[in-house]
Amino acid sequence: MSIRQLSPDVIAQIAAGEVITRAGDAVKELIENAVDAVLARPIRREAGASSELAEDFVRVGRISIEIWDGGYTRIRVADDGCGIAAEDLPAAFRRHATSKIESADDLERLATLGFRGEALAALAAVADVAIVSATEGAPGAQIAAKGGAVGSVVPQARRTGTSVTVDRLFDRVPARRKYQRAASSETAHIGAIVQAYALAYPEIAFALECDARPVLRTSGSGDLRDVATALFGPEVARNLLVLRGPPDEQTGDTVGLSGLIGAPSLHRATRNGIFLTVNRRPVDSRSLTYAIEDGYATQLPIGRHPVALVDICVAPHEVDANVHPTKREVRLLRDRPIFGTVHRAVRATLMEAVGIPTLDVRPTFAATAMPENPLDPAPASLFGAGPPVDPSDPIDRPRLGSLRILGQIALTYIICEGRAGLYLVDQHAAHERVLLERLERAYADRQRAQILLDPVVVDLPRALRGAADEYVAALARLGFDAALFGDGAIIVRSVPSALRARQLDQVLRETHEALDELGAGPDWRERLALLLSCKTAVKAGQRLEMAEMQALLNQLDEAELCATCSHGRPTALLLSHAQLEREFGRR
Ligand code: ADP
Ligand code: MG
């Protein structure tokens with residue numbers, strides 16, 4: 001489609017604005033143009049393919065990004081996409097001129113990342129911009145905008161595709177220059193942008209160079225796990241689970257989910273490992289991020305965040321990308337059911353995959369054979385010891401209750417033997433997980449609540465004095481029969497059967513102290529259940545009888561998320577026979 005001016009009524013419907021406020025914005029817009037162009041170029045057999053084998057070889061899209069000084073000195077983005085016809089080049093710089101949509105209706109069925117026809121015009125207003133482009137079979141041409149003035153089209157040889165060079169961004173705009181980020185922080189920001197698009201388009205080979213140094217490179221193989229390997233290294237990629245699509249057909253969801261999510265052991269200090277796309281458009285969404293994190297619930301340590309690479313696919317008319325100038329935020333028509341679907345899919349994927357983490361005594365041979373440089377990934381399994389691990393293989397969930405218990409060590413760990421090797425179970429972590437899941441079911445089970453002969457009276461948590469009724473209601477949901485008692489106290493008449501009544505007043509007091517320490521944040525209800533299970537669970541240092549250990553392992557088998565305690569720590573570790581043999585040099 002040629003580049004045409006949008007009509008005033010369409011322009012009026014476009015969320016216009018300051019598209020370019022920092023170098024990263026320019027890089028993002030240029031990448032989006034390059035992706036649109038690569039996807040618009042019909043996939044064809046590799047030119048000159050002669051043999052039968054080469055018949056299957058399809059062209060790989062390539063996008064290379066080079067930046068200097070965080071993009072403020074120069075940005076160059078080159079692609080091998082469809083190119084721009086020479087006669088269209090002047091229109092590319094015109095405001096509201098686009099080849100991607102024609103009418104307002106097209107906004108309802110967007111299939112491209114760009115649609116406003118604004119980016120190149122906005123860039124030319126704040127930098128010197130040169131475009132060299134060639135369409136299939138054409139010789140190529142160049143156009144440049146300098147000091148805001150667009151020059152004429154001149155011939156310039158180029159292979160099919162487009163390169164856009166942006167020089168001296170904001171030099172002419174002193175007000176903007178003041179707000180420029182330090183080059184180093186902008187470089188990092190641009191790195192994250194390129195990562196997001198590389199993950200969204202595994203079939204396109206991306207390369208980023210900063211100040212002439214190669215920073216990242218993906219292969220364009222089309223496999224998301226390959227992109228993850230290139231960006232995060234083989235260790236992370238190996239621990240990614242294939243996200244199971246929406247598990248429940250009966251909700252009639254027309255939402256498609258795909259991607260990879262990290263095993264709970266892969267947690268990070270920030271949310272930077274969460275990459276979300278909606279219809280392959282990278283987006284920032286607090287609520288979708290929350291839906292994913294909530295799917296991990298208690299499987300991550302407090303304050304840690306998962307790795308997730310997730311695409312949400314909805315019908316084009318169900319998503320509005322036109323709500324924000326940067327298009328980083330989108331509006332979903334049916335957001336609530338979609339969040340629910342995402343949450344359930346994450347949880348189902350994790351539940352299927354929970355296994356006992358194996359104990360790595362020393363870096364194994366396979367690990368040392370990993371390439372050091374993620375930019376240059378060699379297939380590790382070719383050189384490593386043992387077969388490659390396929391994380392999509394469901395890991396068998398061992399029956400802990402059938403293990404032979406050997407005893408207790410350090411009054412903290414239960415040591416047992418099974419077919420796979422030696423198991424160590426953290427008695428506190430294990431019991432805490434068991435109790436948490438029982439508490440979560442306690443309300444449904446409340447007829448089995450244990451009535452106290454001597455009701456317990458304790459002070460309300462100070463942090464929740466203003467929310468006393470909510471606090472009593474929260475206890476009721478966990479299976480307690482509690483009521484307000486005078487000013488600032490509660491009386492508890494029965495407790496969920498999961499919690500032993502013996503030191504109930506102490507458990508409640510310690511729980512309240514912990515709630516006060518952290519203050520009543522928005523998540524105090526979840527914390528209440530976590531704290532009650534933690535304070536009730538057997539402690540490290542407590543001697544356990546054989547029968548008690550056996551009972552605990554049986555209970556752990558019944559827990560859905562048996563592999564971690566409610567703080568995300570592992571409940572059990574496995575030292576496999578193979579590892580023992582290796583460590584003793586038998587193999
Ligand atoms: P938009 O992407 O919203 O259409 P832009 O200002 O970013 O607006 O680009 C204007 C037009 O220039 C696009 O519609 C497209 O036709 C053309 N264009 C820009 N970059 C490229 C590219 N890398 N390859 C091919 N065409 C491009
Ligand atoms: Mg664009």
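The residues of the shell around ligand 1 divide into eight nonpolar, seven polar and four charged, where Ala, Val, Leu, Ile, Met, Phe, Trp, Tyr, Cys and Pro count as nonpolar, Asp, Glu, Lys and Arg as charged, and the others, Gly among them, as polar. Please keep in mind that this is a predicted model, in which local features need pLDDT of at least 70 and side-chain atom pairs count only at pLDDT 80 or more, while totals for chains, interfaces and linings use all residues. Residues are numbered from 1 along each chain as its sequence is written, chains are lettered from A and ligands numbered from 1 in the order in which they are written, and side-chain values use heavy atoms, with hydrogens and water left out.

Which residues come nearest to ligand 1? Of the 19 residues around the ligand, these are Asn33, Thr98, Ser99, Lys100 and Gly117, and a residue is counted as near if one of its heavy atoms lies within 4 Å. Helix H2 (23–40), strand S4 (97–98) and helix H4 (119–126) each supply at least two residues of this shell; helices (H or I, at least four residues) and strands (E, at least two) are DSSP runs, numbered from the N terminus.

Let us turn to the polar contacts, which for a ligand are pairs of N or O atoms within 3.5 Å. A polar side-chain atom of Asn33 lies 2.8 Å from an oxygen atom of ligand 1, a backbone N or O atom of Gly117 lies 2.7 Å from a ligand oxygen, and a polar backbone atom of Leu120 is 3.0 Å from an oxygen atom of the ligand. On its own, ligand 1 has 520 Å² of accessible area, of which the protein covers 95%, as computed by the Shrake-Rupley method with a 1.4 Å probe.

My second topic is a sheet. Four strands form an open, antiparallel sheet in the order S19-S20-S21-S25, and two strands pair if DSSP finds at least two bridges between them. Strand S19 (404–409) and strand S25 (572–576) stand at the edges with a single partner strand each, so one side of each is left without a neighbour in the sheet. Further in, five bridges join strand S20 (residues 413–417) to strand S21 (residues 421–426), and Ile415 stands opposite Leu424 in S21.

Finally, there is a hairpin elsewhere, formed by S10 and S11 with two residues between them. Four bridges join these antiparallel strands, Glu209 stands opposite Pro214 in S11, and Asp211 in the turn has a positive phi of about 50 degrees.

Definitions and conventions:
A polar contact is a pair of N or O atoms within 3.5 Å; within protein, one must be able to donate a hydrogen and the other to accept it, and residues adjacent in sequence count only if both atoms are side-chain atoms.
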